[in-house]
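Me: Could you walk me through this model? I would like to take it a few questions at a time.

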Amino acid sequence: MTQWKSVPLVLAATAVFAIAQSKVPRAADGHPDFSGIWTNASITPFERPADLAGKEFLTEQEATAYERSHLRNVDKRDDIKGTNADVTLAYNDAWWDRGTRLFSTRRTSIVIDPSDGRVPPLTAERKRQLQMIADARRQRCEQPGCGVENSGILGPADGPEDRPLMERCLSFGNVVPMISTAYNNNYEIVQTPNFIGIDVEMVHQMRRIPLDGSPHIASSARFWAGDSRGRWEGDTLVVDTTNFRPEAAFRGSDGNLHLIERLTPVDADSIRYQFTVDDPTAFTKQWTGELMFVKSKGFLYEYACHEGNEGMSGILSAARADERKAAAKSGR
Amino acid sequence: MSNCGYARKWSIVALLACTPLAAFAQSSNPAAKRTFEAKPDLNGVWQAMNTANWDLLAHGSSAGAVSSLGAIGAIPPGESVVEGGVIPYLAAAAAKKQENFAHRWTDDPEIKCFMPGVPRANYMPYPFQIVQSANTILFTYSFAGAVRTVRMGIKEQSPVDSWMGWSVGHWEGNALVVDVSGFNDQTWFDRAGDFHSEQLHVVERYTPRGRDVLDYEATVEDLQVFSRPWKISMPLYRHLEKNAHLLEFQCIEYSEDLLYGHLRHGKGETK
């Protein structure tokens, strides 16, 4: 395309952007108003699938085809229906709530940088640490008394501390950063000039974001959701989070995780949400993901996870039963 | 102030002498700020300063659950926060309260890190934060990461019972009035076993007594448990520290041994 031809296009794009921007609701202090209930449910994969390598965006047609084929492929349990295996799996597609659509950007992955849509490799040292942890857990499960984790891997179950954070209702992997997951992809934002609170539906984990210009708490203080501070850069809310508990690993991150999130209004009903993972001891380079938040109707309801965690008792009881069975078999 | 009391007999003198003191007393707690909507600004980190979480009623000091903790574990004394000093239990409920008290070191939902319900969440010995926008007022609590959302003027009823209830708010002059219903029957009012059924209905009033103090009242109604409505009242104080931020107190991991310890490897019937 020659130079002169692109000028009207740029003007047109600017005009569209200006119209969208004029529809962005404003708070009394003039900043974009993010108040309300939002969802980021989506079937957009976290990393770009191998068969879409080199393709950052789908066309409209391709996106429709992708969504249709996803619908055809849900609930792949036909082969195990009526068997014990079907019952022992956690949920089926009647319970999952990923939605049926890709993000409106038609990107082929949540990861947008690096451009191959894949999470960059871990550092050699972090790889070694994680391998050591995994090896130790696998070794312990050469003995009876383990339990299958959500990932499908067998994990130790001597006590609750052995189990993944999710099973303990301690922290879910979709809170910081806020990424779409299997269900409960809803968020309520309450915004004031000095503070933004985000109630994350998943186990009612709270994002507390002071906009008061104060520094982070000292690094000795660690939290599952980290310690967040926000600031406005034009119309973009930038949230800087550090002080994570080292166990709250996100895709292999460690206690040095520094997360930068950027929320930019697109129009009255959507926010472009980007997060950058900065953790030089865990990843060989920084990486960034992008999701779209869409306005949702209705309310957010209480998710009391720990209060009704019969699952933990069940997991540990089953592990003890497994031990008894093994002991009886070996004649002890 | 004693000068003022003395001077009260001499009305003109008293007026002149006491006015500066009265003005000073007010300026130490300046008028509540206003939001953009001209409502009292309740934004901030708040905390009660009393022992109501131990017992809503008047109590002397007593030994705690764990003697090895010595003075750390002991229960401090406190005045009643219940108006009239009586919780009007129905006969059967009074017996249940005694039973709860006898089993308080195992049955109190606080021990298990369960969400504390309302009004208890407001007078636990931990801070909470009010995040006030025009239509939605978020209460975020340090303890157990509990959260409740006060929706202003909505008509919708709670579709299901919950731990923190269903909060609907409106303004009456300077007071934020919150109607809370939709509770389950699992929470207690204090560590002394005061309890309720799922019929619990709480009406709260938050009235600013200046910028840094809120007068808090909660009227408690539950026909299954109490013979009449009763009321607690107390001030809530603003955290004035420069770095006053609400920090996450996720207590689940400290309750797990209590809840699941009997299912550990090597415990109970397995060995």
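Reply: Happy to! A residue is called buried if 20 or more other C-beta atoms lie within 10 Å of its own, exposed if 12 or fewer, and partly exposed in between, with C-beta atoms placed from the backbone. This is a predicted model, where local features need pLDDT of at least 70, side-chain atom pairs count only at pLDDT 80 or more, and totals for chains, interfaces and linings use all residues. Residues are numbered from 1 along each chain as its sequence is written, and chains are lettered from A in the order in which they are written.

Me: What percentage of the residues in chain A is buried?

Reply: Chain A has five helices and twelve strands, taken as DSSP runs (helices H or I, at least four residues; strands E, at least two) numbered from the N terminus. Its length is 332 residues, and the buried part of chain A comes to 32%.

Me: How far does helix α5 of chain A reach from its first C-alpha to its last?

Reply: This helix covers residues 310–329, 20 residues in total. The expected span is 1.5 Å times one less than the number of residues. For α5(A) 28 Å is expected, and the helix comes close to that, reaching 28 Å.

Me: Within what arc do the buried residues of α5(A) fall?

Reply: The buried residues are A:M312, A:I315, A:L316, A:A319, A:R320 and A:E323. Seen down the helix axis, they line one face of α5(A), because the directions from the axis to their C-beta atoms fall within an arc of 130°.

Me: Which exposed residues sit on the face of α5(A) turned away from its buried side?

Reply: The buried side has a cover that includes β3 (146–148) of chain A and α5 (252–260) of chain B. The face turned away from it carries exposed residues, namely A:E310, A:G314, A:K325, A:A328 and A:K329.

Me: Which element gives the most to the side of chain B that touches chain A?

Reply: Two residues are in contact if their C-beta atoms, placed from the backbone, lie within 7 Å. On that basis, 31 residues of chain B are in contact with 38 residues of chain A. On the chain B side, β2, β3, β4 (147–152) and α5 each supply at least two residues. The element that gives the most, with four residues, is α5(B).

Me: Which residue of β3(B) stands opposite B:I130?

Reply: Strands β2 (residues 128–132) and β3 (residues 136–141) of chain B run antiparallel and are joined by five bridges; two strands pair if DSSP finds at least two bridges between them. Opposite B:I130 stands B:F139.
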